Amino acid sequence: MILFKKALLGLTLLVSFTSLASAATLDFNEVAGYPSNASVINLSNANITHNTPFGGFLVTQDFPGFEFNSLNDKGSICALVGPQCLGSMGISFGGAIENLYIGFAGDDLEEDEEVIVSGWLNNSKKATEITIRNGGIYNFASLGIVDFIFLQNNSTKDSGGFLYQDFSFDYAESNVVATPLPAALPMFGAALALLGYKGWRRRKS
């Protein structure tokens, strides 16, 4: 009976690992106080590049009562053009990702204000592009597996632009590793049967 319980626990852990997702995010608190004229920001799991040679970034932490705080307490970022968040930027992730979500926050958004989000994998651009014109958290899973995204900001100078925040994604490699695990289930079942047979023989003798 003890052997059976141990085997059952092993089966439970095996099934759990097959559904494990490596949820990750971009934490802008890592670069608090970053110089605003920097053209590249290096996070632990991504590099962010301003689209213009002399562009900079605005990196904000979450402050009590700030209207545009992130929901995940990881801060926000935008690419500056002058004092406003009107720049475009690219994000190169530390590996292939999928199931991407991004939050958008802005003040007095105009009808003609937009950010076009596109994705790349291995330097090949995906056919899908997604246009965002309002604040909120958006699902970019339709981009599929990507290792680079580009945020093309077409906002007007009167609007102030967007802050980007609340990034959430899965590393695609984790799903590839987890996929073959169910193939081990038949062997695990055979092992359970063998344990049961040995227990039966022991009781019979």
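Tutor: The following conversation sets values of this predicted model against the definitions behind the terms.

Student: What makes up the protein as a whole?

Tutor: There are three helices and 11 strands, and along the sequence they follow the pattern α-β-β-β-β-β-β-β-β-β-β-β-α-α. Of the 205 residues, 37% count as buried.

Student: Why is Ser-76 called buried?

Tutor: Buried means under 20% relative accessible area. Ser-76 has a relative accessible area of 0%, and therefore it is buried. Ser-76 lies in strand E5 and touches, among others, Phe-28, Leu-58, Phe-68 and Tyr-164.

Student: What makes the pair Ser-76 and Gln-165 a polar contact?

Tutor: The side chains of Ser-76 and Gln-165 are joined at 2.5 Å.

Student: Why is Asp-27 called buried, and why is Lys-74 called partly exposed?

Tutor: Buried means under 20%, exposed over 50%, and partly exposed in between. Asp-27 has 18% relative accessibility and therefore counts as buried. Lys-74 has 26%, so the term for it is partly exposed.

Student: How many salt bridges does the structure hold?

Tutor: The structure holds three salt bridges. One of them joins Glu-114 and Arg-133, with the closest N and O atoms 2.9 Å apart. Glu-114 lies in the loop between E6 and E7 and Arg-133 in the loop between E8 and E9, so parts that are 19 residues apart in sequence are tied together. Glu-129 also forms a salt bridge, with Lys-125, where the closest N and O atoms are 2.8 Å apart.

Student: What makes a group of residues a nonpolar core?

Tutor: The residues must be buried and nonpolar, and joined through side-chain atoms within 4.5 Å. The largest such core has 31 residues, and those with the most contacts inside it are Ile-91 and Tyr-164. The largest share of this core, seven residues, comes from E6. Ile-91 touches residues including Leu-26, Ile-48, Phe-148 and Phe-167. Apart from this core lies another, of six residues, among them Phe-68, Cys-78, Leu-80 and Cys-85.

Student: Why do such groups form?

Tutor: In soluble globular proteins, nonpolar side chains tend to be buried together.

Student: Which residues make the nonpolar surface patch, and how do you know that Ile-137 can belong to a patch?

Tutor: Leu-71, Tyr-101 and Ile-137 make the patch, which is about 320 Å². Ile-137 is found in strand E9 (residues 136–139). At 45% relative accessibility, Ile-137 counts as partly exposed.

Note on methods: Residues are numbered from 1 along each chain as its sequence is written. This is a predicted model: local features need pLDDT of at least 70, side-chain atom pairs count only at pLDDT 80 or more; totals for chains, interfaces and linings use all residues. Side-chain values use heavy atoms; hydrogens and water are left out. Patches are made of residues with over 30% relative accessible area and no salt bridge: like charges are joined within 9 Å, nonpolar side chains (Val, Leu, Ile, Met, Phe, Trp, Tyr) within 5 Å. Accessible areas come from the Shrake-Rupley method with a 1.4 Å probe; for residues, only the protein chains shown count as cover. A salt bridge is a side-chain nitrogen of Lys or Arg within 4 Å of a carboxyl oxygen of Asp or Glu. Helices (H or I, at least four residues) and strands (E, at least two) are DSSP runs, numbered from the N terminus. Buried means under 20% relative accessible area, exposed over 50%, partly exposed in between (1.4 Å probe, protein chains only). Contact means heavy atoms within 4.5 Å. A polar contact is a pair of N or O atoms within 3.5 Å; within protein, one must be able to donate a hydrogen and the other to accept it, and residues adjacent in sequence count only if both atoms are side-chain atoms. Lists of a residue's contacts leave out its neighbours within four places in sequence.
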